[in-house]
Amino acid sequence: MEQRHLGRTGLRVSRIGLGTLTWGRDTDEHDAAEQLKAFWDAGGTLVDTADVYGGGEAEYLLGRLMEGLVPRQDLVLSTKAGSVADPDRRTDGSRGHLLAALDASLARLGTDHVDLWQLHAFDPYTPLEESLQALDIAVRSGRARYAGVANFCGWQLAKAGTWQLGGDRTRLAGAQLEYSLLQRGVEREVLPAALDLGIGLLPSSPLGRGVLTGKYRSGTPTDSRGASETMAPFVEPYLDEPASRIVEAVATAADGLATTPVEVALAWVRDRPGVTAPIVGARTARQLTAALSVESLSLPDEICRALDDVSAPVHRYPDHDWSTL
């Protein structure tokens with residue numbers, strides 16, 4: 001699998017990443033092992049997790065699998081901290097919480113460092129400089145090699161990225177946000193900020209929470225995330241009429257290219273400007289292998305333009321030059 005630099009850094013990662021959101025909850029150890037082995041065999045290196053995935057079970061499971069299945073040195077481990085299970089405060093970006101969470105993540109993963117450590121979300125109740133200082137401490141102490149953020153909006157990413165360029169601080173290597181043909185909101189301000197600051201984008205849910213696979217075109221399969229009690233609210237927002245038109249366009253493109261909607265949707269986001277590596281989460285190793293087959297596909301320009309047009313978000317003032325409005 002082709003390797004790409006993460007932002008303006010020397011860190012190289014596979015241009016498709018493996019996500020572990022469901023590990024330890026909907027994905028058991030056997031299925032997780034099959035996925036990790038298939039990913040590694042395909043040349044994949046970037047494995048993404050978080051301290052809250054499966055209540056910590058995803059990290060714990062990944063750590064166990066690295067003991068005998070895939071060598072630690074062959075993987076680029078990425079984890080996140082800052083999300084908390086508190087209905088009144090969904091994020092805790094305090095320095096104390098973040099560093100304690102990192103230590104707990106390292107213990108579950110069974111390693112002395114992660115390759116990329118990210119703030120999981122912006123905390124409006126903690127000074128941003130304090131949250132970012134945790135990233136600096138983690139890198140200086142050797143517990144993390146590179147640092148990044150996730151789910152930051154445009155002004156938050158611009159502020160954080162610019163702050164980290166000053167003094168003896170760790171520049172942000174990556175930003176992880178949802179990005180797909182069904183969710184192009186990052187193109188308004190996040191992506192321009194990331195490109196300007198040299199921050200690599202790591203798209204999550206690149207298949208539109210599974211909807212772009214086409215599996216929901218004739219209803220909700222009983223074994224899909226949309227039929228799961230825990231995941232149905234996650235999928236439902238992308239089952240409306242505008243999304244359906246985009247899904248049909250992807251299916252038409254796939255038929256014309258003699259490939260699958262999965263490959264078309266994934267190739268589109270993988271090769272967008274500023275994107276380093278989409279993070280793909282799968283329920284089974286078979287699904288993951290189907291997604292990894294995108295490595296040999298590059299979409300023709302006319303297909304890209306057609307998909308751009310059918311999924312284009314409305315960008316007006318102030319994103320465009322006001323004098324042209």
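Me: Before we look at any helices, how are their axes and angles defined here?
Reply: Axes are lines fitted to C-alpha atoms, for helices over the stretch in contact. Angles are taken between N-to-C directions and run from 0 to 180 degrees. This is a predicted model, where local features need pLDDT of at least 70, side-chain atom pairs count only at pLDDT 80 or more, and totals for chains, interfaces and linings use all residues. Residues are numbered from 1 along each chain as its sequence is written, and side-chain values use heavy atoms, leaving out hydrogens and water.

Me: Nice, so at roughly what angle do helix α1 and helix α2 cross?
Reply: Helices here are DSSP runs (H or I, at least four residues), strands are E runs of at least two, and both are numbered from the N terminus. Helix α1 covers residues 29-41 and helix α2 residues 57-68. Their axes come within 10 Å and cross at roughly 60°.

Me: Which word describes how α1 and α2 lie to each other?
Reply: Angles under 35 degrees count as roughly parallel, over 145 as roughly antiparallel, 65 to 115 as roughly perpendicular and the rest as oblique. The axes of α1 and α2 cross at roughly 60°. Therefore α1 and α2 are oblique.

Me: Which residues of α1 and α2 make that contact?
Reply: Contact means heavy atoms within 4.5 Å. From α2 come Leu61, Leu62, Arg64 and Leu65. From α1 come Glu29, Ala32, Ala33 and Leu36.

Me: How do α1 and helix α10 lie to each other?
Reply: Helix α10 spans residues 285-292, and its axis is 8 Å from that of α1. The two pack at an angle of about 20°. Therefore α1 and α10 are roughly parallel.

Me: Turning to the rings, how many aromatic pairs are there?
Reply: Rings of Phe, Tyr and Trp (its six-membered ring) pair if their centres lie within 6.5 Å; planes under 30 degrees apart count as stacked, over 60 as edge-to-face and the rest as tilted. By this rule, the count is three.

Me: What kind of pair do phenylalanine 122 and tryptophan 155 form?
Reply: Their ring centres are 5.5 Å apart. The planes stand at 70°, and the pair is edge-to-face.

Me: Is phenylalanine 122 buried or exposed?
Reply: Buried means under 20% relative accessible area, exposed over 50%, and partly exposed in between (1.4 Å probe, protein chains only). Phenylalanine 122 has a relative accessible area of 19%. Phenylalanine 122 is therefore buried.
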